[in-house]
Each structure stands twice: as C-alpha cells, then as structure tokens.
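Look at the model first, then read the points below.

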Amino acid sequence: MREKCSAGVVCVLTALLAALLTGCTQSAAGGESGEGPRATVPVSPSTGRASGFGAVFLAVDECSSFGKASFTEVPCTSERAAARVVARHDGTTADGPPCPATTDFVLHISAQSQISDEDGDGAVPQGYACMRNLEPPHPGDPGGGGGPRTIVGDCVYGSGGGQVRETPCDGTGARKPQYQVMKAVAERAQCPLSTALYVQLGGPQPVGCARPL
C-alpha cells in the first residue's frame, strides 16, 4: 500500500479549484513522481555480469530475488525468484519512458564501472527495471493500492494539503478508500459531471476523474 512518499503520492484538486497541483517528488525510499516504489540496486562485479542469465543485467523477462539490502538477478525457475522484468530502460525514470501501468515496483540500477561486464565495455550503465511480482499480491493492479503509477480503477484517500494517497479499494489498507479513479482524460473538461477529484496521472491522458465512494 502506498502509505508514504514511496507510495506514489499524487496531488489533486477538488472540482471547485482552478488548477491541478503538480505531483510530489518522492524520497529515496520511493520512486520519483509517478514512478513509485523503488530500490537502488548496488551492482557488484558478481551481479553486474548477470551470472550468465543474460547479456544485460535484469533484462526484460529476467527475474530478481528480494533482499533487504540489494536485489540479485536469478533464474526465473529458481525458488529465490520473486519478480520478473516487464520493461528495462537506461537512464532515470525522470528522463525515460514510464513503466507499464500494472508494474508492481521499480528497481533503480546504479551505474558502476568495473574491469569486465556483460557486454565487455567495462561499465554497467544507470537504468531502471519495471518489475512484476511472480505471485500475488500485485499492488500495481487497478485497485491494488500500490505500484509506481496511479491508474484507472485505483482508490485514494485525502491525506491533507490538497493531496491524496492510494489505498486498496477492498478496504484492507490502514486507510479506507474515499475516491476511485473512474476515467483518464486529456483535459478536466472531459471528466463526467460526477467527478469530485481530478487526479494527476501523467502520460497522454494525464487527468484522472475520481468519484466519491
């Protein structure tokens, strides 16, 4: 559940306000605005070479384990495998493409220079991997209460200061849902009359039309 800045805080306005607030920048415990839960992966020479599982560390369709201090690439058939890469990009989330809508979390891979790496150029570039858990729960699903993006079907509650945070729609979170995003549109004028909140989503349809529950 997104209960802190890592929980995908989004800024909203009620239907009576004149403009949308911008999204909130998150701390190191979470992703950048719209890019939610994250972990910076320390890439060592042993993990940077991907242990023979692929030409690129954590490439698409490769898997990672969960760890307290770091994430390690492991075979997807391993009992340690916990999540699969659904998209992989170089650079940062601020400059690169957004992760798929139902991404559960984002791994931010720090750049490392080393004597030998997977492609022989002596460096592991900075990048990020969009991850999907191999087994439920899937916080990135609509109404799941987590994930790096707020999407249609997600539920939120007012957290004060003109902001909302996501929470599971089924009420299992610490806070009960107050609104649900029913539609994504390009402009506020395209939202239904029943809209009570405009939620900033980003992307080509950046306005989320939310109704009270």
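Cys99 and Cys130 are both buried (under 20% relative accessible area; exposed is over 50%, partly exposed in between; 1.4 Å probe, protein chains only). This is a predicted model: local features need pLDDT of at least 70, side-chain atom pairs count only at pLDDT 80 or more, and totals for chains, interfaces and linings use all residues. Residues are numbered from 1 along each chain as its sequence is written, and side-chain values use heavy atoms, without hydrogens and water.

**Disulfides**
- The whole structure holds 4 disulfides (cysteine sulfur atoms within 2.5 Å).
- In sequence order, the bonded cysteines pair 1-2, 3-4, 5-6, 7-8.
- Cys99 bonds to Cys130, S to S 1.9 Å. This link is left-handed, with -75° about the S-S bond.
- Cys63 and Cys76 are joined with sulfur atoms 2.0 Å apart. Their link is right-handed, at 100°.
- Cys63 is buried at 0% relative accessibility, whereas Cys76 is partly exposed at 28%.
- The torsion about the S-S bond of Cys155 and Cys169 is about 105°, so this disulfide is right-handed.
- Cys155 is buried at 2%; Cys169 is partly exposed at 27%.

**Buried glutamates**
- Glu62 is buried, with a relative accessible area of 12%.
- The Glu62 side chain reaches the backbone nitrogen of Ala59 at 2.8 Å. One of its polar atoms lies 3.4 Å from the backbone nitrogen of Leu58.
- Glu166 is buried at 0%.
- The side chains of Glu166 and Thr150 make a polar contact at 2.6 Å (N or O atoms within 3.5 Å; within protein, one must be able to donate a hydrogen and the other to accept it, and residues adjacent in sequence count only if both atoms are side-chain atoms).
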